[in-house]
Amino acid sequence: MSQDLSFTVHATDGTARKGEIFTPRGTIRTPAFMPVGTAATVKAMFPQDVRATGADILLGNVYHLMLRPGAERIARLGGLHDFMRWPFPILTDSGGFQVMSLAKLRKLDESGVTFQSHIDGSKHHLSPERSMEIQHLLGSDIQMQFDECVRLPSSDDEVERAMRLSLRWAERSRKAFREQPGRAVFGIVQGGASKPLRVESAQALAQMDFHGLAVGGLAVGEPQEVMLDMLATTLPHLPASKPRYLMGVGTPDDIVQAVARGIDMFDCVMPTRAGRHGLAYTPFGKVNLKNARYAEDLSPLDADSTCPAARDYSRAYLHHLVKAGEILGMMLLTQANLAYYQSLMAGLRAAIGDGRLTDFIAETRARWAAGETASRPQ
């Protein structure tokens, strides 16, 4: 690992870990949730407001940024951090997820993937080497190997083919990364819902010189119990000295369950996408502001929140903004959701440090189950 990027575990509680990833651009407190800034922006949020929710790191996406405005252009303009006015760590997804999500617009072979742009139909070739070149041009602090993610359920043959291709691409990605002082590259475990394939992938990647390991190809159609079973199978085969990242996950319950099993990093579009569609995440569960029951409800989403969006605006006003299609509604609910996710992560970190994670998770889930009644003054 580069001498100026490191991971330290400060406390454990069972298999859960509390730690820090140090980068020259700032320290990432783990377990960490990364808001998704796919196209160099967290939708409906100012960068400083994302930071104010408690975020230490954001996620960007190679596929979308290579299409517009283009990696070379971003490099000429000073790199992704300066371009989007986010001076803190950034992780970039290699584009492997789009291998799955845009399956109708791509052709795949050993060399990589040829995409037809969803924007204008133009063709682009993305290989492990090109993906790493783009991430280098962007200047991202944590760069992901190029891989193939398959949707579940898939046949055993298809899952095995994609896993082995991803391992070959992992070797090429690691070689193309070379050495970039102060930056890191992570490998990605694949293998669908197959325990033997997950173990084989994890063991092979652990032998490569990656700075961290991610678990990919989950939360793509399988039940939660399958995802958790795959984590329990995979994580013992990953180095304890390196950060572990569960890609694209997820709901608050997914997160607390995965933290308990030893995951350190998460990302998901769920809190921002939900906020733009009138759904709030709170300590008392989900609140659908489209519902007419909130039309004259003067209570806030969470009177005890440190986030102004959750604390200072009534549910009646938020309901009005959502029903009227006002942009402010999207902004406030996105901010409230990200603040709740970051508050949840802070609670998990504190609980691990105090050795009471099991109690914290039980209390948190009980509040979600109690729902609306728990949010009202007695």
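Author: Two strands count as paired if DSSP finds at least two bridges between them. Keep that in mind for this predicted model.

Reader: Thanks! What makes strand 13 and strand 14 a pair?

Author: Two bridges join strand 13 (residues 244–246) to strand 14 (residues 265–267). The cut-off is at least two bridges, so these strands pair. They run parallel, and Phe266 in strand 14 is the bridge partner of Leu246.

Reader: Which order do the strands of the open sheet follow?

Author: The order is 4-14-13-12-11-10-6-5, eight strands in parallel pairing. On average, neighbouring strands are turned by 25° against each other, direction ignored.

Reader: Why are strand 4 and strand 5 called edge strands?

Author: Strand 4 (32–34) and strand 5 (58–61) each pair on one side only. Across strand 4 and strand 14 lies helix 14 (residues 327–354), which runs at about 160° to strand 4.

Reader: Now for Gly250. Where does Gly250 lie?

Author: Gly250 sits in the loop between strand 13 and helix 10 (252–260).

Reader: Which residues is Gly250 in contact with, leaving aside neighbours within four places in sequence?

Author: Happy to list them: Ile255, Asp267, Cys268, Met270 and Tyr341. As for Phe33, its C-alpha atom and that of Gly250 are separated by 9.6 Å, with the two residues 217 residues apart along the chain.

Terms used: Residues are numbered from 1 along each chain as its sequence is written. This is a predicted model: local features need pLDDT of at least 70, side-chain atom pairs count only at pLDDT 80 or more; totals for chains, interfaces and linings use all residues. Side-chain values use heavy atoms; hydrogens and water are left out. Helices (H or I, at least four residues) and strands (E, at least two) are DSSP runs, numbered from the N terminus. Axes are lines fitted to C-alpha atoms, for helices over the stretch in contact, and angles run from 0 to 180 degrees between N-to-C directions. Contact means heavy atoms within 4.5 Å.
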